[in-house]
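Reader: I am new to protein models and would like to learn how to read one feature at a time. Could you take me through the one shown here?

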Amino acid sequence: MKTIKKSERGLTFSFYNDGKFAPGERYDYTIKNGEIVITPHKEGRFKISKKVTKTRIKSLFDLRNKEILKAIGKADSIEVEVGEENIVVYLRRKISSIIHRSSLISTSSIFSQQTVQEIIVPKMLLASGGESFTQLSFFDKEYTGFNSDVVKENISEVFKVLSLFSGCGMLDYPFAKDDSFKIILANDIEEAACESYRENIGSCILNKDIRELKIVPSSDVVLGGVSCKPFSNVNRQKSRLREHPDYFLVKEYIRIVKQAEPKVIAIENVPEFITTGDGVLLEHICTSLSQYEFTVKVVVDCDLGGYTTRKRVIIIGSRIGKIEFPDEKVSKYRTAKEALDKVDASWFNFSDFSVSRKDTQEKMKYVRDGHNWEDIPPELRGKGRFDNYFRRIAPDKPAPAIVNVRKSCIMPPKEYIKGRERCLSVAECSALSGFPKEFKYLGSLDERQQQVANGVPYSIAYKLKELIKQALRKTINA
């Protein structure tokens with residue numbers, strides 16, 4: 001981490017480099033939440049210059065435009081962190097600066113509680129001139145300002161979240177939108193899912209196999225949507241659970257929890273996760289992490305205010321007192337129509353749906369709202385016999401669980417078909433899962449469909465976030 005001088009001309013800094021940030025390479029940047037994140041990009045708008053010294057050549061970054069000037073104009077100090085994957089420029093603001101600019105809170109309320117920002121330091125930091133980027137511990141704690149220009153009346157401690165098997169961020173999204181939490185590191189092996197995560201939440205996600213994640217930062221919370229493929233009925237029925245490569249990922253989750261030493265951990269998965277092998281997997285988790293008190297609950301999306309009947313098991317482990325998932329249901333279920341009526345052409349994934357073959361479209365025509373493949377004449381049915389196969393959603397009830405709609409041919413109600421028959425669009429699946437139109441899915445169409453199918457409904461993720469926040473806040477006020 002190196003502090004650089006603030007300049008009225010723009011952002012300029014240099015460092016010695018033998019890696020990917022070499023002179024002549026192209027790059028681009030994003031500005032968000034008081035950070036300028038610089039990443040290599042073959043078609044980037046900017047090119048790395050060079051600065052010649054007596055002994056070596058430095059990589060020189062020189063950004064001078066209105067956007068950069070506006071961003072750094074509010075900073076009281078600027079720090080640069082060079083890592084293997086990107087360069088992060090932290091725009092620091094002093095507490096006194098924020099007090100001066102806002103009358104929303106008093107001086108005493110600011111200093112009565114601490115606002116701590118945690119900085120992830122990648123494995124490799126590079127030398128720069130006569131000074132050096134030193135290898136720090138994973139976190140360099142300091143008092144800072146806030147992640148936005150809006151100062152809130154209630155300032156509380158920010159809880160650090162480590163997310164594993166993060167997917168496109170559907171479990172993490174409520175945490176990311178709550179100022180009580182900061183996601184310091186996320187991880188997923190799927191590249192397209194990581195692209196979606198960066199779009200919706202931020203650049204804190206690493207696209208790599210979790211088995212390669214050897215060192216992790218300490219955190220208050222560890223989330224994990226462990227791959228559910230080993231626990232599906234098809235894998236269990238064929239007696240090949242232990243041969244499935246994803247089966248061992250649970251052990252990786254346990255390994256990282258032991259490193260991060262969080263106060264609270266949470267796993268979400270299909271309900272079969274806790275019955276696999278007569279519960280041996282759940283027993284292994286509880287035994288390996290015996291310092292935690294565990295609660296296990298199978299919850300239903302529509303019971304918590306969602307739009308589907310999707311079931312997920314939530315496992316919560318706590319070192320700060322048992323966290324119970326309450327037995328509660330909404331007084332009136334939301335319907336699929338309430339979700340689908342929100343979707344229009346302004347949604348990013350509005351046109352993302354598979355174009356079925358003509359013979360498939362012909363089968364679809366026979367299926368009534370709320371019915372499935374049984375409506376199709378026997379001579380046209382084919383081999384599909386699952387309940388969700390060729391399923392058309394009933395508009396006046398919660399939708400069935402959103403799985404991969406292309407593979408299962410899950411269709412919207414008849415009133416939403418404009419012209420040819422089709423499966424649900426990615427936007428419709430997202431709305432049924434409770435997410436707003438701002439949430440975007442990137443990658444190929446297949447990848448977008450699979451991302452939303454893999455994700456947890458918003459109502460479940462939000463309820464989990466609230467339970468964890470309440471428990472953590474009690475430790476502060478105790």
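Author: Gladly, and please keep in mind throughout that this is a predicted model.

Reader: In what order do the seven strands of the open sheet lie?

Author: The order is 16-15-14-17-18-20-19, and the pairing is mixed. Strand 16 and strand 19 (293-300) are at the edges with a single partner strand each, so one side of each has no neighbour in the sheet. From one strand to the next, the twist averages 15 degrees.

Reader: In which sense do strand 14 and strand 17 pair?

Author: Strand 14 (residues 159-164) pairs with strand 17 (residues 221-224) in the parallel sense, over four bridges. To follow one of these pairings by eye, look at Leu 164, whose bridge partner in strand 17 is Gly 224. Helix 7 (residues 249-260) packs on this sheet, where it touches strand 14, strand 17 and strand 18 (264-269), and its direction makes about 170 degrees with that of strand 17.

Reader: What is the order of the strands in the open sheet of three?

Author: That sheet has the order 2-7-6, with antiparallel pairing. Its edges are strand 2 (11-16) and strand 6 (49-52), each with a single partner strand, so one side of each is left without a neighbour in the sheet. On average, and with direction ignored, neighbouring strands here are turned by 30 degrees against each other. Strand 6 and strand 7 (residues 57-63) pair in the antiparallel sense over four bridges, and Lys 51 stands opposite Lys 58 in strand 7. The charged end of Lys 58 also sits over the ring of Tyr 16, at 5.4 Å from its centre.

Reader: Which residues touch the most other members of the largest nonpolar core?

Author: As background, in soluble globular proteins, nonpolar side chains tend to be buried together. The largest nonpolar core here has 64 residues, and those that touch the most other members are Phe 390, Leu 432 and Ile 468. Helix 14 (residues 458-477) supplies the largest share of this core, seven residues. If neighbours within four places in sequence are left aside, the contacts of Leu 432 include Asp 301, Tyr 307, Ala 336, Leu 340, Ile 393 and Leu 424. There is also a second, separate core of 28 residues, with Leu 162, Val 222, Val 226 and Ala 260 among them.

Reader: How many aromatic pairs are there, and why is the pair of Phe 159 and Phe 181 called tilted?

Author: A pair of aromatic rings is described by the distance of the centres and the angle of the planes. The count comes to 17 aromatic pairs. For Phe 159 and Phe 181, the ring centres are 5.9 Å apart and the planes stand at 50 degrees, so the pair is tilted. Because Phe 159 lies in strand 14 and Phe 181 in strand 15, the pair ties together parts that are 22 residues apart in sequence. Both Phe 159 and Phe 181 are buried.

Reader: What kind of pair do Tyr 389 and Phe 390 form?

Author: The rings of Tyr 389 and Phe 390 have centres 4.9 Å apart and planes at 90 degrees, so this pair is edge-to-face. With a relative accessible area of 2%, Phe 390 is buried, and Tyr 389, at 19% relative accessibility, counts as buried because the cut-off is under 20%. Elsewhere, ring pairs join Phe 13, Phe 15, Phe 21, Tyr 27, Tyr 29, Phe 46 and Phe 61 into a cluster.

Reader: Where does Arg 422 lie?

Author: Arg 422 lies over the face of Phe 353, at 5.2 Å from the ring centre.

Terms used:
Residues are numbered from 1 along each chain as its sequence is written. This is a predicted model: local features need pLDDT of at least 70, side-chain atom pairs count only at pLDDT 80 or more; totals for chains, interfaces and linings use all residues. Side-chain values use heavy atoms; hydrogens and water are left out. Two strands pair if DSSP finds at least two bridges between them. Helices (H or I, at least four residues) and strands (E, at least two) are DSSP runs, numbered from the N terminus. Axes are lines fitted to C-alpha atoms, for helices over the stretch in contact, and angles run from 0 to 180 degrees between N-to-C directions. Contact means heavy atoms within 4.5 Å. A nonpolar core is a set of buried Ala, Val, Leu, Ile, Met, Phe, Trp, Tyr and Cys residues joined through side-chain atoms within 4.5 Å. Buried means under 20% relative accessible area, exposed over 50%, partly exposed in between (1.4 Å probe, protein chains only). Rings of Phe, Tyr and Trp (its six-membered ring) pair if their centres lie within 6.5 Å; planes under 30 degrees apart count as stacked, over 60 as edge-to-face and the rest as tilted. A charge sits over a ring if NZ of Lys or CZ of Arg is within 6 Å of the ring centre and within 35 degrees of the ring normal.
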